[in-house]
Amino acid sequence: MSNPFHVACLGGGHGLYQTLLAAQKTGAKKVTAIVTVADDGGSSGRLRRELAIIPPGDLRMALAALSDGEDEGRFWATTLQHRFGGHGALAGHALGNLLIAGLTEILGDSQAALDKVAELTESHGRVLPVVNEPLEIEAEVAGLDEDPRVVRSVRGQVAVASTPGQVRRVRIIPEDAQVNELVLEAIGQADLITLGPGSWFSSVLPHVVIPRLMETISAADALRVVVLNLSAEPGETQGFSAERHLHVLAQHAPGLRIDKILVEEKILTAPSEREYLQRAARVLGATVEYADLCRLDDNGQPTSVHDPDKLSAALSRMHSAFLEAGR
């Protein structure tokens with residue numbers, strides 16, 4: 001199989017973390033993490049509000065994922081993830097969040113701060129915020145009233161992710177947020193682009209509702225892969241089928257063009273379900289690929305987390321086939 005040279009991964013949180021681990025295992029010489037910046041909870045939310053900075057939590061996790069795995073890099077990756085206990089002012093803060101916040105003030109630039117931390121972790125790639133300002137997510141949610149037809153607005157990533165209602169649509173605030181030019185450059189240079197897995201409305205869709213980013217992905221001369229989640233998430237996508245995830249993606253980004261939808265092979269086994277999913281994929285210009293992607297626990301039972309080795313193998317196979325097809 002031919003290894004991709006440059007992999008660009010879009011997302012946030014734990015889903016992006018697993019994808020970045022997988023991207024490195026493809027043997028790619030360069031990996032770029034393109035990260036959502038709408039987090040408003042926990043340590044990130046506190047620092048965002050107190051210091052008016054981009055929330056650092058998802059950026060920190062991406063930096064940890066991209067560490068080289070050797071002694072020095074592993075030490076700093078572990079250090080970034082350390083979280084303070086106790087009941088004082090530092091309780092709940094991740095050390096890496098504080099480091100990124102402090103370096104942003106010292107260097108006067110969030111990207112310079114991220115690049116400096118990447119030196120400490122001896123990163124295999126670069127971490128880029130999707131925009132250079134903190135975003136907010138606002139969702140239209142049904143089911144919060146006795147009348148299920150009533151739709152209410154819910155604002156904030158934590159509120160959207162934990163709503164007991166059904167999310168219909170999301171938008172970002174400010175709506176005219178300008179995509180980071182370094183992100184457009186990375187997308188243009190990549191030969192493999194991944195979107196997802198992750199919280200669909202708060203980590204995945206916020207990327208594609210930015211028009212210039214959606215257009216750049218669609219025009220990219222690369223293998224473009226949407227990695228579907230292994231299960232629906234309580235609250236945000238409770239009850240969503242794999243097909244529904246794609247319908248929502250197409251509704252939010254009607255001009256988006258994708259090559260492949262990567263799905264855990266054990267999720268859909270009925271031929272009719274697979275046909276419905278393929279129809280939904282065609283709206284995006286894509287075809288569906290199935291593979292064993294699920295990480296097993298110590299008892300050999302499936303989890304809701306992607307296995308980086310399995311995901312890496314699937315992406316590598318798809319990239320080789322993409323090249324053989326002359327794309």
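The model is predicted. It contains zero disulfides. Helices H5 and H6 pack against each other at about 125 degrees. Helix H2 has several buried residues, among them Leu47 and Arg48. Ser218 is buried in turn, with a relative accessible area of 17%.

**Cysteines**

- The structure has zero disulfides.
- Cys9 takes part in no disulfide, and its nearest cysteine sulfur belongs to Cys294, 19 Å away.
- A disulfide needs two cysteine sulfur atoms within 2.5 Å, so the 19 Å from Cys9 to the sulfur of Cys294 rules one out.
- Cys294 is likewise in no disulfide, and the nearest cysteine sulfur to it is that of Cys9.
- Cys9 is buried, because its relative accessible area is 0% and the cut-off for buried is under 20%.
- Cys294 is also buried, at a relative accessible area of 9%.

**Helix H2 and its cover**

- Helix H2 spans residues 42-51.
- Its buried residues are Ser43, Ser44, Gly45, Leu47 and Arg48.
- The cover over these buried residues includes two helices, H3 (57-65) and H5 (95-107).
- Strand S4 (136-142) is also among the elements that cover them.

**Helices H5 and H6**

- Helix H6 covers residues 110-120, and its axis lies 8 Å from that of H5.
- The angle between H5 and H6 is about 125 degrees.
- The crossing of H5 past H6 is right-handed.
- On the H5 side, the contact is made by Leu99, Ile100, Leu103, Thr104 and Leu107.
- On the H6 side, Ser110, Ala112, Ala113, Leu114, Lys116, Val117 and Leu120 take part.
- Sorted by class, the contact of H5 with H6 has nine nonpolar, two polar and one charged residues.

**Ser218 in helix H10**

- Ser218 sits in helix H10, which runs over residues 211-219.
- Ser218 counts as buried because its relative accessible area of 17% is under the 20% cut-off.
- Leaving out residues up to four places away in sequence, Ser218 touches Arg224, Gly255, Leu256 and Arg257.

Methods. Residues numbered from 1 in each chain as written. Predicted model: local features only at pLDDT ≥ 70, side-chain atom pairs only at ≥ 80, totals over all residues. Heavy atoms only, no water. Buried < 20%, exposed > 50% of the residue type's maximum accessible area, 1.4 Å probe, protein only. Helix = DSSP H or I, 4+ residues; strand = E, 2+ residues; numbered from the N terminus. Contact = heavy atoms within 4.5 Å. Axes fitted to C-alpha atoms, helices over the stretch in contact; angles between N-to-C directions. Left-handed = near helix turned anticlockwise from the far one by under 90°. Nonpolar A, V, L, I, M, F, W, Y, C, P; charged D, E, K, R; others polar.
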